[in-house]
Amino acid sequence: MAAAAAVAVATGADWTVVRRRGGRRRGDATVTTSHLDAPPPLPLTPIPWAPSDPSLDPARVSRLLDRARAAISRVEASRLYRRLLLPDSPLCCRLASLGPARLSLLGVGSFESSPAARLQLALAALLRRDLLAGASATADLFDPVLSSVECAVAVALGFAVPSLDDGCGRRVEEPTLLYMPHCEASLYDALLAANWEPRAQLRRVCVLGNSFRRYALQAEENRSGPAAKANLVLKAGRFAWEQRIDEAGDVDDEDWFARAFNETSWHFFEVDEDVDQRTEISSQALSFEKLSL
């Protein structure tokens with residue numbers, strides 16, 4: 001396989017966030033009330049991205065693909081996944097109503113080096129198989145730390161890999177499930193900003209990621225921390241239907257399962273079309289700034 005084949009360009013919805021290269025993955029940032037090492041500003045316009053390691057070792061690709069498939073089998077057999085899509089559950093009803101035609105796994109990190117990231121990739125692969133509606137449904141995957149080997153494995157599993165970075169300002173054009181495991185609050189905020197208007201746009205969006213309720217608690221505890229600056233996350237949390245992935249004790253009692261899926265929630269956005277969201281969020285941000293003084 002040629003190195004160029006490792007990256008499949010996803011058209012129309014390209015997304016990346018370029019950060020410093022290295023072993024740290026976006027998902028490694030724990031959900032805390034402050035970050036001493038704040039991420040750099042997100043890009044305002046799309047910029048090109050390519051794997052930092054252009055080498056493509058077929059033996060590494062084969063080994064990693066085997067490990068990824070083993071992780072998929074492990075998650076599929078887990079208590080978490082068996083209970084996740086129970087027929088007639090409130091979650092399944094909402095997913096059926098959404099009818100996602102696209103799945104995006106954003107911020108997965110290096111799944112070659114991280115067992116937790118492989119479990120997150122495995123969950124995304126299963127959701128892609130079991131949830132996406134129609135033959136035209138698509139899936140993509142991205143993290144700026146991905147290597148060419150990881151891109152090749154992603155493509156082999158049915159995921160396209162974008163070649164542009166739009167700072168998570170991804171406006172969805174179809175019902176979309178965005179799985180964003182353990183991303184920073186600013187990334188969720190950027191996604192919401194891109195889909196805030198018109199009012200019905202957020203109905204196309206489902207976010208599986210850090211708990212917005214938890215961010216609200218963090219914002220109350222630390223009014224100068226990252227959560228307090230994520231104005232749209234705080235606003236959306238007021239009208240989002242949220243269910244934690246481990247709400248019924250469904251995360252299996254294994255360290256890597258706990259690391260991969262802790263503090264992870266489903267979010268659906270129940271938008272009132274009679275509400276001017278931009279006016280409300282501006283008022284809320286102003287009130288929050290006054291409280292912070």
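Which handedness does the β-α-β unit made by β5, α6 and β6 have? In this predicted model, the unit formed by these three elements is right-handed.

Strand β5 covers residues 176–180, and β6 covers residues 205–210. Burial in β6 extends to six of its six residues, and the strand is accordingly described as mostly covered.

Helix α6, the helical part of the unit, spans residues 185–194. Eight of its 10 residues are buried, and the helix is thus mostly covered. The buried positions in α6 are Ala185, Leu187, Tyr188, Asp189, Ala190, Leu191, Leu192 and Ala194. In an α-helix there are 3.6 residues a turn, so residues three or four places apart point the same way. The buried residues of α6 pack against both strands of the unit, β5 and β6. Their partners also include three helices, α7 (212–221), α8 (226–229) and α9 (231–236), together with strand β8 (264–269).

Strand β6 has a second pairing, with β8, in the antiparallel sense and again over five bridges. Here leucine 208 stands opposite tryptophan 266 of β8. Serine 265 lies in strand β8. Serine 265 counts as buried because its relative accessibility is 0%. Leaving aside residues up to four places away in sequence, serine 265 touches Val207, Leu208, Gly209, Ser211, Glu242, Gln243, Arg244 and Ile245. Among these contacts is Leu208, the residue that stands opposite tryptophan 266.

The cysteines were examined for disulfides, and the count comes to zero. Cysteine 92 takes part in no disulfide, as the nearest cysteine sulfur, belonging to cysteine 93, is 7.2 Å away.

How values were computed
Residues numbered from 1 in each chain as written. Predicted model: local features only at pLDDT ≥ 70, side-chain atom pairs only at ≥ 80, totals over all residues. Heavy atoms only, no water. Disulfide = S-S within 2.5 Å. Buried < 20%, exposed > 50% of the residue type's maximum accessible area, 1.4 Å probe, protein only. Helix = DSSP H or I, 4+ residues; strand = E, 2+ residues; numbered from the N terminus. Contact = heavy atoms within 4.5 Å. Right-handed = clockwise from strand over helix to strand, strands pointing away. Pairing = 2+ DSSP bridges.
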